[in-house]
Structures are given as structure tokens and as C-alpha cells.
Amino acid sequence: MSKEPVAVVGVGQTKHVAARRDVSIAGLVREAAQRALDDAELTWADIDAVVIGKAPDFFEGVMMPELYLADALGAVGKPMLRVHTAGSVGGSTALVAANLVAARVHGTVLTLAFEKQSESNAMWGLSLPIPFQQPLLAGAGGFFAPHVRAYMRRTGAPDTVGSLVAYKDRRNALKNPYAHLHEHDITLEKVQASPMLWDPIRYSETCPSSDGACAMVLTDRAGAARAPRPPAWMLGGAMRSEPTLFAGKDAVSPQAGKDCAADVYRQAGIADPRRDIDAVEMYVPFSWYEPMWLENLGFADEGEGWKLTESGVTELGGDLPVNMSGGVLSTNPIGASGMIRFAEAALQVRGQAGEHQVEGARRVLGHAYGGGSQFFSMWLVGSEPPQS
Amino acid sequence: MAEILKAPLAVEFPFTRSLGPVQSAFLTGLRERVVLGVRTGDGRVLVPPVEYDPVTAEEIRDLVEVAATGTVTTWAWNHEPRRGQPLDTPFAWVLVRLDGADTGLLHALDVPGPGAVHTGMRVRIRWAEERSGAITDIACFEPYDGGPAQATGHTGEFEDAITGIVAPARLDYTYSPGRAQTAYIHALSERRTVGERCPSCRKVYVPPRGACPTCGVATAEQVEVGPRGTVTTFCIVNIKAKNLDIEVPYVYAHIALDGAGLALHGRIGGIPYDQVRMGLRVVPVWTEGARYPDHYRPTGEPDAEYETYKELL
């Protein structure tokens, strides 16, 4: 029996900010969920199950927060699942929800991811003082910066490429009312003059720390037929993982990322992603990851990704727009960041992306990764239902 | 075999909570010796109050005051109170249905022994002398002979309501790095770096983990690597991290020790930070009494060719 086609009929998110001191965690997730329901013109009673995701519990210090969030998300008396795959969790949460619809376990599923980073300190949460180990590392930037240098060495990319990505994403964010950073006076010179934190990564090439939530309503063909606005159809979705560190790991272009993309393209019948996909919303917490992922996801040959960035192909008006929403570089409620990528892909093919809409976007890829380039989750959504 | 290492690990952080409107009213109420519940769509009063109706999922904001007296609905005796619990002498954990409420509030009951507590007994709140707007403003419950105390009919509107609290959390672990890393650490005390070779792929893991993550088999064969190695990639750290006592800027590098199947991480010294480069040949520098090399310094050899280390980034 073939799978049930999965449609996105509702998308909602909070206005992402550094600290939402006016709401509890329950109030934060509720806001995004209510907006997704409103978009779908559905009520809590129309939801059959809830799938929620967030990054490590240390990021707020609430163990298993999904338990206390059941009533805020209308999950009482319904199945509720929590997913955790580090930074990629927003993506894998959406895929777990989509699989419940595809398998005809449920007709309509609410999926949501969040982080309220202001309640803790992610840098603390990621660097516990483990006995017998030598403390050396200064945050996630310190972990990823050597991989960026390795990419530059491998490809010969000029050292300005990272600043071009940051300048582009921050300008895209100005068109997105939900983005955290709205730097109206941004210039390329300012990006390039910002301090080096973890050379070769500059301050302006790093993501902020945000409070926010993102939700989607996923449904089957019957649900899509009742939807008030055009649905986004899932054409392919996959997850892959590999160890954080192992002998032979390619940290610049991890095998798990390549395999994950290949699986999505196979499901969706994509022969040439560069030609067949109209836009990409990818997980870029440090600017250089745009060219790195362009290669990893097959949009450019190895060593050629930076040329797409440098020549303007990935600009909002370019031939392959990347991170139309402003990306993780402009908004990073960690657990929600993957789902925001997936949701932006859906908004684009629904024609609902507002000022950052890519004209005529028919097939858009949403991408997330997490851990030490260890977990990958991706989906391709389209404006037309899948063929088979 | 040497004894496997163990050490305490305390994970501790003062988490902050923004309360939202309902928890804000509830905790501010406790400060003022007022207990608030919330009325649900089907007319029940929940204490402590929640923001969303558990039956209809609707937002609920109808706050109602309940009495500071109530009835024990169930209990369990706590023989050995632990740090941070409401009382430091043995007490009963109780669920108390306060007069006017439909649900139980979890708290401590101060009685001399388990014989002095029973389901259905009447109790009242013993307020803390100093109250800040926290659940600890209720010091505990105590036995009480009498009917419902009068609630004042408070609406839940307060001047200078609290909007956030600090919720310190602490978890105490006993951490052990396991057999393989214990051997690695013991070897370091002799200034030797000893990894383990995978019997399947033949790669040498440094530090060893006791298993090969790609082949999924146990490793046992010990192999000494280094002491020399190659900087395969690095970054220059310009910001100081909390709890990290290293002067910035410093170079954080991936170093493939000669013979190792993957790079380990270390600091580069003995050379200006802006002259460090991929391919630099280095050797560890030890300081007296330290568990790990303090840093790695250049050996003076010619740089390694990129082709020789490009798989070890």
C-alpha cells in the first residue's frame, strides 16, 4: 500500500527575540501553536496527535517539559511524543509527525518545536565540567571554526565569502517580521569589521540566542482538500546520523548529510537538485556553512559551493535563493531552528512567505543539522502533490 | 589492571523562569498569604492553577481564591529528608485538597511520625515568615481542627506582582571515564599517549573509547602514539569562556599525533598565534603535576604536506 500524501496546511511562529519575559514556556509554545491552527482554520479538537521537539533539557532546566505542556498544546487525551536530535530536532520532529500521517496512524497532527534560551545559558549547557577532561573549548563557535578553516583550505575560497553570507541573511531578515535580528543599518563593511571571535569566524557571522517557537499542522489528502489556503506537499523526507568524532569523519562534508539528501531526492524524483529545486532554507549557524552545505546537499560540486555564494546565486533575487527567512544567522531558538527551516520551505511553496517570497517557488528544500555535524534531517516540499 | 577512575560531578545552574500571567498571580499571592486557583470550563477549581484548560484546551484566566485550610487526600512518609526539601526532620509528603479547590496540592506535613497522619485529616498552611513569591512561602502544612478558613475573595490582581523567579537546580553525579580512558589517563601521568587500535579497521583511537564507533566492536590493543604530531586545522580563540582560565588569544587546534587515526584537540604555544598554520609539526609541552600537556609547541621540522593529513582534519 502506498503512503498517504502529507500536506502542511498551517504554519505559525512567535516573533523571535532575545528574551520573552512576558510568557511562560507554556505561553510561548501556545502562541505558535494557536497561529498554526488559525492559519489552517482548525480548532484544538481537529488535532489527533501532538509531536513536540526541543534541544537538551539543560537549555531551560525543565526535565521533560513536554509533560507539563500537554494542556497548553491541547494534547490531553491524545498521543503526545517528544523528539530530541540536538540542533536538528526541529526538522526531525516535523518528520516524525509527517510519518504518522503518511502511515495513516493519524489524520491531522500538530507539530511544534521551541527553545526559551533566556532561561538558561546554552554555552554552559554544552560545556559541563566533566572530570579528567581538559577544558579547552570556547562554545559552539570554537568547535566549528576549525572545520570552516578546513573548508577554506580544501576549496581555496576567498576569506570574504563568510561575510557575504551574513550580509545577505541579515538583509533577508529585514523582510521577515518574525526574525530576531533586524539590523536596519547593516552594511558589508560592518560585517567585515566585526571582531574575530573564533578566527576565521567573526561576530557578525554567528547566530544569536533566541526565545521562540514554531508550529505546523500536517494532514492527509482529505484534510488538505478542506484547507482554506494552498497546502505544501511533502515530496520527500529523511533523517541520518553518524558519530560526532570518528577516524575518517569528513567534518566539512559529512557522509550522513550526503546520504540524507540523496534519500530525499530519490523519494521526490529529483535528478539534479540545482536545476529541479527552486530555493533552499538550510541550517547555517555560522556563515561559512552556507557554501559547505551547498556542496554537501549536491547543489554544487565539491569545492564549488562558495562560487554560488560569491556570484549572488543564493541572494533572494538569485537563481537559487538560500535562507530567505534570514536563516539561523538571524534567529536561533535552538530547538525550533530546524522547524523554522522546514516551515519556511512550506511557506514558500504555499506562496505565503510575504516580503521574502521567492516568485514561483514550486519545490523548496528545508534542512537541519545538529550535534557535532552528527544528526541530519531534511524535507522537500512542493506546491503540487506527489506524483505516485 | 589499574582501578577505574571515578570523581564527583555536580551540574548546577540558577535557571530563570518567566512566569506568565497565571503563575505570576499564584506566586505573588503566596507572598501575600493568598492561595489562588483557576476555574476551568467545567467549573472545577485547580490548585496550583494552570494556564490552559486540561479538558477543552482553552486559555483560562478566571482566578479564584481558596482557603489556607484543607484535607489530606493521600500521603507518603519521608524517613530521610534531603537537601532542599521543605523540612529537615522526617515528615509526610501530602496531597492537600484546599477548601474550595478540586485538586490536590503537593507539600510537606509537619507531624512527629507516620502514626500522626491519615487520609482525610484536616490541615492548614504554615506560612514562612519571610516570603518572596515562591512555593516555599508555604513553609509546610500542620494539623488543624476546624472547618474551612474564610478566603477573602481575592481577584488575583496585585500591585508589584512578580514576573520571574530563579529556580536553582543541582544534580550530583559520580562520573567514571571507564576502562579505556582510565588507562589513557594513567599513561598520560608517565607523559605517554596511548590509544587503542580497532581490530577491524585498524585505526588507532586517541583518546580511546573502548570501542570503535564505526565498526561497533570493542578495542583492547594498546598502541603508543606521538609524541610528535601535525596541526591539521585550528582556530584562534579571541573570547574568554566562563570557567576557562586561558589567556586569549590562543590557538585551539586539531592535532594528529603520529600513528593516531584521528586528531585530538589541544592548545598551540611557543609560537605567535598568528603564525600557526595547518601542517605545523608540534610536540607536547608538559608542566609538573598536570594531567595533560599544557600545550603543544613547534618541533622545527618542515611542515607536513597537506596530502599526508587531509583525512585527519
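Select B:Asp258 to begin, a residue placed in the loop that joins β15 (250-257) to β16 (264-268) of chain B, where strands are DSSP runs of E of at least two residues and helices runs of H or I of at least four, numbered from the N terminus. The model is a predicted one, in which local features need pLDDT of at least 70 and side-chain atom pairs count only at pLDDT 80 or more, while totals for chains, interfaces and linings use all residues. Residues are numbered from 1 along each chain as its sequence is written, and chains are lettered from A and ligands numbered from 1 in the order in which they are written.

Is B:Asp258 buried or exposed? B:Asp258 counts as exposed because it has 12 C-beta neighbours inside 10 Å; with C-beta atoms placed from the backbone, 12 or fewer others within 10 Å means exposed, 20 or more means buried, and in between is partly exposed.

Next, display B:Val225, B:Gly226, B:Arg228 and B:Gly229, which B:Asp258 contacts once its neighbours within four places in sequence are set aside, a contact being two C-beta atoms, placed from the backbone, within 7 Å. Then pick B:Ser176, 82 residues from B:Asp258 along the chain, with 28 Å between their C-alpha atoms.

Zoom out to chain B, whose secondary structure comprises 3 helices and 18 strands, and whose C-alpha trace spans about 90 × 45 × 40 Å along its principal axes. Of its 313 residues, 36% count as buried.
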